[in-house]
Amino acid sequence: MNKTFLLALFLILCIDSFAQKSLQINDKGYFEMQGLNVTVFSDFYPDGHQTGVTIIQHGIRVAANGDLRLEASPGQWSPVPKGGDQIIDREAGLISQKMWYPDSSKNRKGFNPIEYPDFTFIYDVEVKALEGSSFEVRVQLEEPIPEEWVGKVGFNFELFPGDLFGKSWLVDGHSGIFHTQPNGPVGDDNGEILAAPLASGKKLVIAPENDLQRINIQSNSGELELRDGRTNHNNGWYVIRELVPGGITKDVIQWTITPNVVEGWTYKPVIQVSQLGYHPEQIKKAIIEMDPLDQNSEKLHLYRLSDTGKELIQSYEPEEWGNFLRYKYLTADFTDIQDPGMYLFESGDSKSHAFRIDQNVYSRHAWQPVIEYYLPVMMCHMRINEKYRVWHDYCHMDDALMAPTDLNHFDGYKQGPATLTKYKPYDAVPGINQGGWHDAGDYDLRVESQIGTVWKLALMIEQFGLDYDATMINPDARLVEIHVPDGKSDAIQQIEHGLDAVLGGYRSLGRLYRGIICPTLRQYVMLGDAASMTDNLVYNPDLSKGEKTGTESSLMDDRWVFTEQNPGRELQVAAGLAAASRVLAPSNPGLAAEALEVAIVLYEQAEFSVRTVSSQVIALSELLLTTKEEKYADALIDLQEDIIKQIARCGWAVGHALPEIKNKKFLKAMNEAVAEYQQKLKLEQSNDSPYGVPYKPNIWGAGWNIQRFGVEQYFFYKGWPELCNTDFFLNSLNFVLGVHPGINTSSFASGIGSQSVLVAYGTNRVDWSFIPGGVASGTALIRPDLPEMKIWPFFWQQTEYVMGGGSTNYMFLVMAAERLFQKE
């Protein structure tokens, strides 16, 4: 054989071997080798710990937010830079990202406004691959840091705490442990109250005892500080920081980082099935998520659990679906397995959780926790008891003061140049210290969250005959006792509680409120009993400082109520009120009549436009179902062309009201539009992902959107059963219950299924706890391709609960599945 050919072959093999064992830039724009990825500003969500230089080690994101910051331990409203052009040089193995301060789009404006100092500078963060798993981080400045900012600007690199508790660190001969709680001593550090650094030195070793986690970080430019960022922010991470020196611009930061990589490591296959289980007649499909380089073709074995352990029922040769995100996927259909029992899958060293097949799988322990726990616990202006436990005491009894005008609130609320009511800024508004549910983890009451909850409960009563009593709700005493039946429908009582807030605001203001929220950041970030946010006494400016009466005080800690002009939201409220009116009529005709009256007024006063078409169609459908008046059917018919254009957004509402529409031409046009939409949808979802739903991962978990999609698809099926099928809403339910991407296959619905989210971003998150029936947003995307749902109580983008759809949409889907398989 020709020597030249042999030499060329040898060189090719050497290059190939090096490529497998050293970081290289892949076609997605980040550094990659088997067992290690390094992304460089692929994400930009610094307040959510998703930006900058990021390390994904053995499939787990372990460090992020590598960037210049103005504080040693930044928080959610700290100044963040703006990203510019990124240069990727594959031949040189270099990624360079241009950044600058301030970000003008966030400087005192936008949804979450940030107050920036008067300081502008531009810099580049450069990341270069070295030999093996090492890489270098350098920072170049356009101009030297001004003298007054020397000692304040530094390069921060954050370590995710949850996987490090109890692990070791080493710094220049010193050692320590990553403790579960932050510890002192504490003191002032450039205006921040921080704990003293855990250690300082030139070289840091993280988790030296664990081959899967060990990382070496060497500074070639200065001294590293290891800090605990949780001292001043409960949701902080561990921070490695080096200050930027003054007087120079080149290589102001120069680190060599070497994450350990276990040779031959591959991502362990993950078997994904519903945490709750399946009805015997349901289509059942297991999904196996695998490393794309894993060539093993292990069979998938299904076992039934018995008194002797497990019994092999069937073995499958999984079918290859293809690649999605960073993994390859296989599927196995086990629809033919219908015998009741507990089952689990195994394939090689991988196991699924145990799951149930039973005709009553959706009948108990499935939707009930939402109405037994979550909705009662989230009720505002009440005391919530559960036997020996008090979930929270009487709260926000001093709601609310009229918000000041021309205000851009830190959580997205905006008050225009006028209050739009008779109340002046800081006037006490009566009648709104009642009803409603705390939204998410920040205790505010957004009108869309309130009416959304009311609306879904009304639809469940109407569609599935929801009539369940497990809770004593006494609105006069403002008292709730969980698991104490009172002989009344919990759903009806919850609807009345929601309307106390929505209609109470309307009565007092003569219009809808936008929302009610605390005025200060200190209150907003409060973790604890809702009763602790305010003194529950209405602010009276005429009282002397410190003075209190029985119901008033001089302390202005009351929440603010905001107003707005928003036709889309007004139409959403009109739809919810109309639906509530229908189900309240038998038991509370007076409230039902008021709800309908306000719904009609809101609809008639709304300003319609192209942007409000879908909201208008939804409101018309609900008003038509409630009143049976032809004028609402005629209005829908007049919107035919607009509905066809937006069939995906509002066609389901037409399907809901279809029995009340008699116009044959309109019905024919809707049939054709729905048929075309469904055909397109089926094609898109078959290519999108292996999960059977249109799934577009984003920074926020997709669970809520997929649930909403599932509810809408139920109504498409209900209206056009000959054109639509049940797959979409059942697949949406399965997605929430554990059939979703990533290593964490927990059910997004807390306390539901074999394994669920038990550390959630709820009102009790500081206790690393959960609220049964709360439904998290779920698996999020770490761009460009890592699905992630960490066990961490402070990721709102992964495990937050919300009102107005999160839990009630889930509950709706379970009840829809239950009804689908019920035998008449």
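This note goes through selected sheets, helix pairs and single residues of the structure, point by point.

1. Basis of the note. The model is predicted, so that local features need pLDDT of at least 70 and side-chain atom pairs count only at pLDDT 80 or more, while totals for chains, interfaces and linings use all residues. Residues are numbered from 1 along each chain as its sequence is written, and side-chain values use heavy atoms, with hydrogens and water left out.

2. The antiparallel sheet. Four strands in the order β21-β23-β27-β26 make up an open sheet with antiparallel pairing, where helices (H or I, at least four residues) and strands (E, at least two) are DSSP runs numbered from the N terminus, and where two strands pair if DSSP finds at least two bridges between them. Its edge strands are β21 (270-272) and β26 (319-324), each of which pairs on one side only, and the twist from one strand to the next averages 25 degrees. Strand β26 is joined in the antiparallel sense to β27 (residues 327-333) over 5 bridges, and within this pairing Glu-320 has Leu-330 of β27 as its bridge partner.

3. Ile-271 belongs to strand β21 and is buried, its relative accessible area being 3%; buried means under 20% relative accessible area, exposed over 50%, and partly exposed in between, with a 1.4 Å probe and protein chains only. Leaving out residues up to four places away in sequence, Ile-271 touches Ile-287, Ile-288, Leu-300, Phe-345, Glu-346, Ser-347, Ser-350, Lys-351, Ser-352 and Thr-745, where contact means heavy atoms within 4.5 Å.

4. A second open sheet of 4 strands runs in the order β32-β31-β38-β37, with mixed pairing. Strands β32 (389-392) and β37 (471-474) stand at its edges with a single partner strand each, so one side of each has no neighbour in the sheet. Neighbouring strands are turned by 20 degrees against each other on average, direction ignored; for such values, axes are lines fitted to C-alpha atoms, for helices over the stretch in contact, and angles run from 0 to 180 degrees between N-to-C directions. Antiparallel pairing over 4 bridges links β37 to β38 (residues 479-482), with Ile-473 opposite Val-480 in β38. Helix α2 (residues 368-377) packs on this sheet and touches β31 (383-386), β32, β37 and β38, its direction making about 150 degrees with that of β38.

5. A hairpin. Strands β13 (residues 186-189) and β14 (residues 192-195) run antiparallel and are joined by 4 bridges, and Val-186 has Ala-195 in β14 as its bridge partner. The hairpin has 2 residues between its strands, and Asn-190 takes a positive phi near 55 degrees there.

6. The 18 residues of α6 (residues 567-584) should span 26 Å at 1.5 Å a residue, and the end C-alpha atoms are 25 Å apart, which agrees; the expected span is 1.5 Å times one less than the number of residues. Helix α6 is mostly covered, since 16 of its 18 residues are buried. It packs against α7 (residues 589-605) at an angle of about 155 degrees, with the axes 8 Å apart. The two helices are therefore roughly antiparallel, a term for angles over 145 degrees, with under 35 counted as roughly parallel, 65 to 115 as roughly perpendicular and the rest as oblique.

7. Helices α8 and α9. Helix α8 (residues 613-627) and helix α9 (residues 630-638) pack at about 155 degrees with their axes 8 Å apart, which makes α8 roughly antiparallel to α9. The residues in contact include Leu-620 and Leu-624 of α8 and Tyr-632 and Leu-636 of α9.

8. Two further buried residues. Leu-737, in the loop between α14 (727-736) and β43 (780-782), is buried with a relative accessible area of 0%, and its contacts beyond four places in sequence include Val-273, Ile-752 and Tyr-810. Gln-640, found in helix α10 (residues 640-645), is buried with a relative accessible area of 14% and, leaving aside neighbours within four places in sequence, is in contact with Lys-665, Phe-666, Ala-669 and Met-670.
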